[in-house]
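Let's take a walk through this structure together. Have the sequence and the 3D view at hand as you read.

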Amino acid sequence: MEKFLIHGGRRLEGTIPVSGSKNSALPAMAAALLTDQPVTLDHVPAVRDIRTMGRLLADIGASVERSGNRYTIRAERIASPEAPYELVKTMRASSLVLGPLVARAGRARVSLPGGCAIGARPINLHIQGLEKLGARIRQEHGYIEAEAPNGLKGAEIRFERVTVTGTEDLLMAAVLADGETVLENAAREPEVADLAELLGKMGADIEGAGTGTIRVRGVAPLGGAEHRIIPDRIEAGTFLVAGAIAGGEIDVCGARADHLGALIEKMQEAGAEVAVSAEGSMRVRGGRRLAGVDVATREFPGFATDLQAQWMTLSTQAHGASILTEGIFENRFLHALELGRMGADITITGRQAVVRGPSVLSGAGVIASDLRASASLVLAGLVASGETVIDRVYHIDRGYERIERKLAAVGALIRRVE
Ligand code: EPU
């Protein structure tokens, strides 16, 4: 199993380029199932979850061609409208093929995701929405079987709670449905708006993506399209935090500051120096005295749950107490115990973590438990004294494109070992 070795305490200087968004590229790839024409996606990050989605689409019968960060997917026919347990258990986002498959092929068989390190993460809202669109759903042997032999029918769907992939799944189902669909209490994340932009290029008729109410008028058939995936706001945010806690100065380039408003605001409140340039580059200077700042994770445009772990590492370097409240997932503080092994002072009560800083972190052997938790440990390793060894880095490879190379290029002492 691969590990990262990090020698902390190095200043970071230089420019870090931001990759395309994993969470935008995943639904965009699934959207290619909606047409028999080729869909070409640029700026797709080279991360493990994307390779898993590529494998899933190929199993379903699509041809998937990759040239660097460009993918061309052509689903001329749907050979097997199924997402097997073997793939779903390694990547929950596999359930994103449910909506497109029912819409295009009239049926789908998708394994139910099991438990997850960060919380329960059911897909009941995807299922309820599909039922509203007229699909018949059965659950058997750990699989969801959905059928709509005569096609889906537009409907009004109000999400009980905001769900990102649920909104994306139903948006993809609705674009081929007969008539109008209204999605209420829809997720407003930039990844949803990016998906809607791609679907629009394929010929779909969508209004309001990026707001809480999305209207879709079904059209068929959809055609091919070319689309460039938006930058990964979570990767960019991770590097901004790295810059704020390590000495030196880094430019995080190719990101969208309008996708990072809540983080930048909190960083500035903590006393970090972050400047945004017009071209989407952000400069962050380390070495400033940081003050503890409370953060509560929420749906976009609130503070992203996917940046909570990284904020926890920043809080260990800030003066005073920071209260972190996790508003999205019930069990997303696993990194706190590992940070504690490195010397952080963190108390967890239910969905709240109190971090008292600043702590002098010392390098230790730690275990990555999920994608964003791993990122927080890498950040801790950058400021800890001595050597940090992070085990199970396959978690980080799911969503960060060569993070060790990007950080090494700006001066971090980090390497991957077997
Ligand atoms: N929920 C339900 N029922 C559903 C769907 C969701 O109860 O049918 C609950 C979840 O259990 C959770 C909340 O609603 O408590 C929000 O979950 P959501 O559905 O929004 O999460 P997701 O779509 O499964 C996406 C990202 C996650 C990110 C969350 C929240 C992708 C592929 N994944 O997950 O990203 O944390 O939204 O913003 O887009 C990551 O990249 O590390 C990651 C976990």
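We will begin at the ligand and then turn to the aromatic rings.

Keep in mind that this is a predicted model. The shell around the ligand holds 21 residues, and those that come nearest are Asn124, Thr163, Thr165, Asp306 and Ile328. Several helices take part: helix 1 (22–31), helix 5 (124–132), helix 6 (164–174) and helix 12 (371–383) each provide at least two shell residues. Helix 5 contributes the most, with 3 residues.

Now look at the polar atoms of the ligand. One of its nitrogen atoms lies 2.7 Å from an N or O atom in the Asn124 side chain. Asp306 places a polar side-chain atom 2.6 Å from an oxygen atom of the ligand, and for Arg161 the distance between a side-chain N or O atom and a ligand oxygen is 3.1 Å. On its own, the ligand has 830 Å² of accessible area, and the protein covers 89% of that.

Next, the rings. How many aromatic pairs does a search of the whole structure find? There is 1, formed by Phe303 and Trp311 in an edge-to-face arrangement, with 5.7 Å from centre to centre and 75° between the planes.

One more ring deserves a look: Tyr143 has the charged end of Arg109 sitting over it, 3.9 Å from the ring centre.

Note on methods. Residues are numbered from 1 along each chain as its sequence is written. This is a predicted model: local features need pLDDT of at least 70, side-chain atom pairs count only at pLDDT 80 or more; totals for chains, interfaces and linings use all residues. Side-chain values use heavy atoms; hydrogens and water are left out. Rings of Phe, Tyr and Trp (its six-membered ring) pair if their centres lie within 6.5 Å; planes under 30 degrees apart count as stacked, over 60 as edge-to-face and the rest as tilted. A charge sits over a ring if NZ of Lys or CZ of Arg is within 6 Å of the ring centre and within 35 degrees of the ring normal. A residue is near a molecule or strand if one of its heavy atoms lies within 4 Å of it. A polar contact is a pair of N or O atoms within 3.5 Å; within protein, one must be able to donate a hydrogen and the other to accept it, and residues adjacent in sequence count only if both atoms are side-chain atoms. Accessible areas come from the Shrake-Rupley method with a 1.4 Å probe; for residues, only the protein chains shown count as cover. Helices (H or I, at least four residues) and strands (E, at least two) are DSSP runs, numbered from the N terminus.
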